[in-house]
Amino acid sequence: MNLGAAEEESAAAEVHVPAEIDWQKLDKSKFFFLGAALFSGVSATLYPVVVLKTRQQVALSQVSCIKTAFSMIRLEGYQALYRGFGTSLMGTIPARALYMAALEITKSNVGTATLRFGLPEPTAATIANAIGGLSAAMAAQIVWTPVDVVSQRLMVQGGSSSSSQIQYINGIDAFRKILNTDGPRGLYRGFGISILTYAPSNAVWWASYSVAQRLVWGGVGYYLGKKNDDDERSIELRPDSKTVMAVQGVSAAMAGGMSALITMPLDTIKTRLQVLDGDENGRRGPTVMHTVRNLVKEGGWMACYRGLGPRWASMSMSATTMITTYELLKRLSTKTQEVLT
């Protein structure tokens, strides 16, 4: 099945997009090993932005991203930007493996099924991407939620919120204390709203990414057609791997920005549930409504959008970096190396 192959015609130009590499074509051991290495590097690069976003979300008043960053560095040192990174990295590797496996298997199976129903290939690709993103996010949250709870508790230590005093020595200490205080439920605090945040976000992102790619390729074809208006012959473009990755990066940034804007309030509530309100309410555990009321009381409904700047930047940069890394990973992990040429 070829969900990624498409021919976009505009004016006299015809763009031949390379076929997508599906699950059956991948060397699985190479895929997971290289994936762990590549995505660990990406996570390390983007981690400070995640820390800034989390600090803004738990702050009791609106503080700009730049002011938050300078305050952290001045009072806590540069290491504060990587607080909790070790815990996050150790959890990200198995979570990312679950995510990639669920994504590729679902996309392959759903794509084949939708084509059998006679749907056009662009529609089948969009549906397969959306359902693949949805299932991948749900599978990964089994691992990601406890890692999020622990790493976010570490991130906010030393900050200006009421629950930011130093409580945990490291990730293992935080894990043990949360387990002793709240039991296993404490590690899965916010699991439901994490699913409500990340599952739709991933579905929107992967569907938007599929559509954005076709729009960008259509724009490339239109530009070439206008450029060659005087030539009656059909212009045929077969882009090389660098051009393909550039288009994928632009499409990913567009999809990431849209997804960040749509799901921002849910992400803020989720972070509050897992960090600030959890500490305030102890064993009783917070509720979604209690968290929303606190946010609105502090800064109106716009308080739900605290940290939007860092999250928008993080998701756009992360999406661009992740998708180019992910597509490179798939190309490096194919059973045959024909796609690299």
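How much accessible surface does the protein chain have, and what share of that surface belongs to carbon and sulfur atoms? The accessible surface comes to about 15900 Å², and 64% of it belongs to carbon and sulfur atoms, with areas computed by the Shrake-Rupley method using a 1.4 Å probe and, for residues, with only the protein chains shown counting as cover.

The structure is a predicted model, in which local features need pLDDT of at least 70 and side-chain atom pairs count only at pLDDT 80 or more, while totals for chains, interfaces and linings use all residues. Residues are numbered from 1 along each chain as its sequence is written, and side-chain values use heavy atoms, with hydrogens and water left out.

**Overall architecture**

The protein chain contains 11 helices and 3 strands, where helices (H or I, at least four residues) and strands (E, at least two) are DSSP runs numbered from the N terminus. Along the sequence these elements follow the pattern β-β-α-α-α-α-α-α-α-β-α-α-α-α. Of the 341 residues in the protein chain, 52% are buried, a term that stands for under 20% relative accessible area, as against exposed for over 50% and partly exposed for values in between (1.4 Å probe, protein chains only). Among contacts with a separation of 6 or more, 79% involve residues 24 or more positions apart, a contact being heavy atoms within 4.5 Å.

**Salt bridges**

The whole structure holds 8 salt bridges, each defined as a side-chain nitrogen of Lys or Arg within 4 Å of a carboxyl oxygen of Asp or Glu. Three of them are listed here.

| Salt bridge | N to O distance |
|---|---|
| K53 and D267 | 3.0 Å |
| D173 and R176 | 2.7 Å |
| R189 and D182 | 3.6 Å |

The salt bridge between D173 and R176 lies within helix α5 (residues 171–182), where the two residues, being 3 residues apart, are separated by about one helical turn. D173 is buried at a relative accessible area of 4%, whereas R176 is partly exposed at 44%.

For the pair of R189 and D182, both residues are buried.
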